[in-house]
Amino acid sequence: MTYWQKEIETMSRDSLEKLQIKRLRETITLANNAPFYNNIFRKNAITADSVRSLDDLKKLPFTTKEDLRNNYPFGLAAIPLQKCVRLHSSSGTTGNPTVVLHSAKDLDEWANQVARCMYMVGLRDTDIFQNTSGYGMFTGGLGFQYGAEKLGALTVPAAAGNTRRQIKFITDFGTTCLHIIPSYATRLAEVMYEIGMEPKKDTRLKTICIGAEPHSEEQRRRIEQLLGVKAYNCFGMSEMNGPGVAFECTEQNGLHIWEDYVIVEIVDPDTLEPVADGETGELVLTTINREAMPLIRYRTRDLTRLLPGDCACGRTHKRIDRFKGRSDDMIILKGVNLFPIQIEKILMQFPELGGNYLITLETINNSDEMLIEVELNDLYTDDYAVLQRLTKDITRRLKDELLLTPRLKLAAKGSLPVQEGKAVRVKDLRSL
Amino acid sequence: MTIHQISIFLENKYGTLNEILSLLADADIRIIAATVADTAEFGIMRMIVSDPQKACTILKENNVSAYLSDVMAIVTDASADSLANVLKEFTKAGLNIEYMYCFSVKEKSILVVRTGNRESAREVVRRKNFSYISENDLINL
């Protein structure tokens, strides 16, 4: 077994926890420079000395996405902007977007984190890595780019879409590894078969990094079988840099979460108390190796559990299980994070529409799609072309907001289920 | 010179039409003509009924999206010539037809038509002396 950083990856739990405490104390000192944390720390008399053991973590406040929005854009910056070299931002879902700042050191550490993950699943500098993530603000693009370069792989920033072109690159360049969302991996394989290719024979693909979209074990096995590869589940979120937070090893049994970068807690989303060992709860992460924008006890809203026992790969860093859902109503579709409220906001801008709507997520031809049904107010025309135009206008506005194109269906007034109490606006029928 | 037509938004769903028609039947409203313009996902049903105002009120009371619009109902003698003549005159006057449909009563063929520029359409009907149906005639059809 070889490792990217053997000493860290196989460090004894005892040493790892000591390292965490040391870094947590440094993080608190650093975070105190950020107006947001400074305010909280002052009120609660928190200093680096408040933390002597990992148990003291519970003295620290939680941080939420809402806090990031309310302190948009730079209220959580712990170093001067002059020292920051990159900014990533979410699409600005409900109100302000969330911004994450990076120093040069942060970017280097992030690249190292991703490189460690890729090395773990067998990638070396002899590999040719094609990244089908969107680039730009979406962290799956640059995150994997820098990680793969750090590893020394020849990196192809193919970016998203254009399946034929992706396939041409895979064949012409001899791509051995892809980073791809699972539904698109299936689609890519299908197109290969359609044009008469036999991926196992006609490509050099051997490893696929899949993530950014909920998927099942069955879907992974299907991708592996279709493409003749090993597929590894990766987890990242923009607030925690992006990709590289946790990754499967070749055991394919849980994702190692790098504890020299983050401290992991699993809490009950209602009581915010830690759950019992191995129980499912909300993943809470504290960055301990980031200087531009440390986050303390960040509530990811992702539900998972820690897997008990040691991993056969020899790494000592804890493993999290496949995600079991969210503790809020965020929808993850094709790697895009969105909230129903964003959709509602757009729909409510059309006086032709009533207040009742229903979002259905479904898998069509192996691709995850969103259907939005919305009730019309009183009919205001006898011309269906007018309604078709309305459908197009609404779809375009939704696309601008969501960055993906939903299918929109007008519904007759009173035809959608009436919502009582807490409205259930989202039906998730995706085949996981 | 025009009559009221009721348009109803219809979803492509089992049983929808039946429910709506029952509402009208219960109120003793007769359907004189009906046509459906449809797309894959929804349709608009246009109807000429014996009492359009009452029909509209009943539908709205039952939370059905209904819309009243004005259309012309021109009486022709059921021959292709006669129909062609009406359309020819509209075309000559530079009017385009947004939609049209026909139905027959008492050996007369009635052309329901909606054109652009309603005022010039009325002018054509007056000048050519086309016979037409007015709102008051509906109840006796």
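A: Just after α2(B), B:Asn63 takes a positive phi of about 65 degrees. Helices here are DSSP runs of H or I with at least four residues, strands are E runs of at least two, and both are numbered from the N terminus. This is a predicted model, where local features need pLDDT of at least 70, side-chain atom pairs count only at pLDDT 80 or more, and totals for chains, interfaces and linings use all residues. Residues are numbered from 1 along each chain as its sequence is written, chains are lettered from A and ligands numbered from 1 in the order in which they are written, and side-chain values use heavy atoms, with hydrogens and water left out.

Q: Which residues of helix α2 of chain B are buried?
A: B:Pro52, B:Ala55, B:Cys56, B:Ile58 and B:Leu59. Buried means under 20% relative accessible area, exposed over 50%, and partly exposed in between (1.4 Å probe, protein chains only).

Q: New topic. How many aromatic pairs are there over all chains?
A: The search of the whole structure finds 7. Rings of Phe, Tyr and Trp (its six-membered ring) pair if their centres lie within 6.5 Å; planes under 30 degrees apart count as stacked, over 60 as edge-to-face and the rest as tilted.

Q: Why is the pair A:Phe169 and A:Phe173 stacked?
A: Their ring centres are 5.1 Å apart and the planes are at 20 degrees, so the pair is stacked. Both residues lie in helix α7 of chain A, 4 residues apart.

Q: Is A:Phe173 buried or partly exposed?
A: Partly exposed, at 41% relative accessibility. A:Phe169 counts as buried at 17%.
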